[in-house]
Amino acid sequence: MGPRRLSKVLIANRGEIAVRVIRTCREMDIATVAVYSDADRGSFHVRNADQAVYIGPSPSRQSYLDIERIVEAARAVGADAIHPGYGFLSEKAEFARALERAGITFIGPRPESMEAMGVKTTARRHMADAGVPTVPGSPAPIAEESEARALADRIGYPVMIKAAAGGGGKGMKRCDAPAEFARLWQSARREAGSAFGDDRLYLEKFLDQPRHVEVQVFADEHGACIWIGERECSVQRRQQKVIEESPSCILDARMREAMGEVAVRAARAVGYRGAGTVEFLVDSQRNFYFLEMNTRLQVEHPVTEMITGLDLVRMQIEVAQGERIPAQEQVVRRGHAIEARVYAEDPARGFMPSPGKITYLRVPAGPGVRDDSGVYSGWVVPQYYDPLLSKLVAWAPTRDQAIARLLRALGEYTVHGITTNLDYLAAALRHPAFRSGEYDTGFCARYAADLLSRPDPALEDVALIAAALSAHKRDTEEAEEFAARAGGAAASRSRWLRLGRARVLRGGLPP
Amino acid sequence: VTAPVSYVALLDAGTRERTVRVSPLGPGIFEVRIGDQVHRVDAYRHDHGTLSLLVDGASYSATLDERGSKVHVRLEGSVFPVEILDEKKLRLRRAAGRFTVEGKQTVTAPMPGKVVKVLAAVGAQVKEGQGLVVIEAMKMENELKSPKDGRVVELHVREGQTVEGNAKLCAVE
């Protein structure tokens, strides 16, 4: 153990990722501090941490995005480090700088690396300089809609409108025709402003049917930088990932090696430290282009953990303590892992978020299954934040077995009270195009109709039996209660009620 | 053992009806008649919302998710949104009339959120599927569309306003 051993970590995040980080800290015997907004007092991560600090009103701008309040919270509890999770402040260089000034360790890269990669247009320039191939588009953010429109006309539709400060699909719009440009541009600007506090946008050519493949990299402060494996993230709805897997079906050993080396080159070009992800688009000819580098832990990092057995959060903390990362040849990948993101949303209504109270929750278990969740039964999913409830991951020796296992686990997942995408995820995994491995980022749009599952008519009678017996039980109980109140003691000794109680004890329905 | 009870199940958003007759035979044992099919059912209640059913000997695990007047029954990856009515409720429902897009249609917020854009003014002619109001919730924008061709006759919200789920946004006639 080095002299820089961390003893108390504040997690500047919420939901499942805060819970995820707390788990590793607990295993490392590091004290944890949660932060929470008004909407999150009852949140799972608050209950799980050793300490919790209130940081403001529900809108994230006034709480999870408020650098001053978070630094102040860390000072107040004597935290020696902050883990930013993903989203929120995780890729804000000014946050890392504020921590530097406050003498608190930021569990992440240096602010200079974040700046070099954080503004997507700057990142593209850096990569081009390092000889990493990039997608055609604007070299800098574009201020005027008219200027952007002129560039779109030049590079040709469809184009992607993207937030310069962006990531995670927020403030990102695909525009197919000039007629839609104004509406999408303005919508992207508003989304970017509210999600990142920075509404600068830029354009990129939309590649036809590309696949999204990303490479996990890790670097320490002693000059070592390794790649840990790829993740295929082409199943996306509204430009957000829903299913991720590793290994990717289109990479052979040579291409994997080549992409890994390019990813390491990209990380080294910006003096990287800690966990990072280099995202690529792969076209139908298997050419790959640099898309962006996410200078933080990725939502889908468990996929990589499952196939390598590594704990990436532990490695982040070790790097922050000045320790060394393993050598490239020590990283061994084994089997196949797939992650499905469980969202509070309704796929039948354009993936509309469905905040509300979870009246009942039962999560899957069994061999090779991992559920990284941030919710519990009775929790009200707030409207203010991302609707991600949980990430369900399955590992198995082969891809087919991993698909079967994840389907089995999704079948065990029960969430009542709010609408989720559980059936949508299962339909995607069952789809022949996914099974064959021949899919790209157009998958969700192309098969939209197939992925909205319809109930199996053969089961309708049984469903009606269940619904009718449940109504019957409720009606019988109501009648009993009414009789008991109306008839007093006499009714409570009735044969009806005695029989009913006997049934309750057995666990069965009362007659 | 109590008398048989008949229920009407409304399926496919209320467009289809089936009658289910429940006759208790003994503790947890029922005869259930749906159309001309008669099933012998042994029902055992597990934890919240979970029901183990032995229907003519076949074993099913059903989970029931109560959503207001509806219940979502999940069985082996199929979900059936059903509304179960007894005779009294059915009579009330019939008196209230049928669902239609004739006349004035009110557009409500499907979830709590913030109005970021109002796309049509009172008096505007709109087409079915045309966007009326954009609501932001959970960091994503959602455009609410007109349910029919017509004219905007009411507008209840302005840009920047926060709305509750089910709040009236506007009406099209």
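Begin in chain A of this predicted model by selecting helix 4 (residues 93-102) and helix 5 (residues 111-118), whose axes come within 8 Å and cross at roughly 170°. Because angles over 145 degrees count as roughly antiparallel, helix 4 of chain A is described as roughly antiparallel to helix 5 of chain A. To see what lies between them, show the side chains of Ala93(A), Ala96(A), Arg97(A) and Glu100(A) on helix 4 of chain A, together with Pro111(A), Glu112(A), Met114(A) and Glu115(A) on helix 5 of chain A, which make the contact.

Next, move along chain A to its two cis peptide bonds listed here, starting with the one from Tyr157(A) to Pro158(A), where omega is near -5°. Pro158(A) is placed in the loop between helix 7 (145-155) and strand 6 (159-163) of chain A. Then select Ser246(A) and Pro247(A), which are also joined by a cis peptide bond, with omega about 0°; Pro247(A) sits in the loop between strand 11 (240-246) and helix 9 (253-269) of chain A.

Another backbone feature to inspect is Gln209(A), which has a phi near 45°, a positive value in a residue other than glycine. You will find Gln209(A) in the loop between strand 8 (201-205) and strand 9 (211-219) of chain A.

Now select helix 12 (residues 399-412) and helix 13 (residues 422-430) of chain A, whose axes come within 10 Å and cross at roughly 160°, which means that helix 12 of chain A is roughly antiparallel to helix 13 of chain A. The crossing of helix 12 and helix 13 of chain A is left-handed. On helix 12 of chain A the contact is made by Ile403(A), Leu406(A), Leu407(A) and Leu410(A), and on helix 13 of chain A by Leu422(A), Leu425(A), Ala426(A), Leu429(A) and Arg430(A).

Finally, bring chain B into view and turn to the interface, where the contact takes 60 residues from chain A and 65 residues from chain B. Between them, chain A and chain B bury about 5600 Å², with 60% of it on carbon and sulfur atoms. The count of salt bridges between chain A and chain B is six. For a salt bridge to end on, select Glu141(B) and Arg190(A), which form one with their closest N and O atoms 3.1 Å apart.

Terms used:
Residues are numbered from 1 along each chain as its sequence is written. Chains are lettered from A and ligands numbered from 1 in the order in which they are written. This is a predicted model: local features need pLDDT of at least 70, side-chain atom pairs count only at pLDDT 80 or more; totals for chains, interfaces and linings use all residues. Side-chain values use heavy atoms; hydrogens and water are left out. Axes are lines fitted to C-alpha atoms, for helices over the stretch in contact, and angles run from 0 to 180 degrees between N-to-C directions. Helices (H or I, at least four residues) and strands (E, at least two) are DSSP runs, numbered from the N terminus. Angles under 35 degrees count as roughly parallel, over 145 as roughly antiparallel, 65 to 115 as roughly perpendicular and the rest as oblique. A crossing is left-handed if the near helix is turned anticlockwise from the far one by less than a right angle, and right-handed if clockwise. Contact means heavy atoms within 4.5 Å. Buried area is the accessible area (1.4 Å probe) that two parts lose on being put together, summed over both. A salt bridge is a side-chain nitrogen of Lys or Arg within 4 Å of a carboxyl oxygen of Asp or Glu.
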